[in-house]
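Here is a short report for a reader meeting this structure.

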Amino acid sequence: MACLATKGRKKGCKDGVGGLLEFYVINTLPAADVTKDADGVITAVANTPTAYKYELRADAEFIDSIKTDKQAGTTFYEATMSAALHSLDASTHKELKLLAYGSPKIAVKTNSGKLLLMGETRGCDMTVGDIKVGKAMGDFQGYEITFVSQEPSYAPFFDDDLAAVGFTVVAGV
């Protein structure tokens, strides 16, 4: 693997917005079912995997960080997605318990319309799954969740929405 830079980058436009619009839980997605272009962007998936959609109101973020240890000579990428799910219900209790036990892949959709895949090769772990009810009438009540993945590279982009690349998308209830 070459360790030398191959190009620079121009100053980007100021046309983006922060935050996440939604995320999708993907239970299985074998590497052999994923097609990528030369830049590593996911262009298609085979065998019509299912993606379970979670809609968000606000209070969600995605961070993908490079972690390097000079002494060990290692570099990996740690992605974190944190979200607040408003309202409490028995069905969500059950689903979050299943997510905590599993290692799903998580597709995050930004408010700018970009889609990225967390946990592409190793899956994600739910590291926070709090039920929160505030003190005052107007305080938040719902779930605060965090998923973390550690991968050999950044979370790859999708070149289109999930249905267009081959997923069956199941909307939330």
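## Salt bridges

Glutamate 22 and lysine 53 join their side chains in a salt bridge, at 3.6 Å from N to O. That pair connects distant parts of the chain: glutamate 22 sits in strand β1 (residues 20–26) and lysine 53 in strand β4 (residues 50–55), 31 residues apart. A salt bridge here is a side-chain nitrogen of Lys or Arg within 4 Å of a carboxyl oxygen of Asp or Glu. Strands are DSSP runs of E with at least two residues, helices are runs of H or I with at least four, and both are numbered from the N terminus.

This is a predicted model: local features need pLDDT of at least 70, side-chain atom pairs count only at pLDDT 80 or more, and totals for chains, interfaces and linings use all residues. Residues are numbered from 1 along each chain as its sequence is written, and side-chain values use heavy atoms, leaving out hydrogens and water.

## A network and its cover

Lysine 53 also forms a salt bridge with glutamate 55, with the closest N and O atoms 3.9 Å apart. Glu22, Lys53, Glu55 and Lys109 are linked in a salt-bridge network. The count of salt bridges comes to 5.

How covered are these residues? Buried means under 20% relative accessible area, exposed over 50%, and partly exposed in between (1.4 Å probe, protein chains only). Glutamate 22 is buried at 7%. Lysine 53 is partly exposed at 21%. Glutamate 55 is exposed at 59%.

## The sheet and its helix

An open sheet of 4 strands runs in the order β5-β6-β10-β9, with antiparallel pairing. Its edge strands, β5 (60–69) and β9, each pair on one side only. The twist averages 15° from one strand to the next. Two strands pair if DSSP finds at least two bridges between them. β5 and β6 (residues 74–86) pair over 10 bridges. Lysine 67 has phenylalanine 76 in β6 as its bridge partner.

Helix α1 (residues 90–101) lies across β6, β9 and β10 (141–151), at about 20° to β10. Contact means heavy atoms within 4.5 Å. Axes are lines fitted to C-alpha atoms, for helices over the stretch in contact, and angles run from 0 to 180 degrees between N-to-C directions.

## Across β9 and β10

Glutamate 144 and lysine 132 form a salt bridge, the closest N and O atoms being 3.5 Å apart. Glutamate 144 is in β10 and lysine 132 in β9, 12 residues apart.
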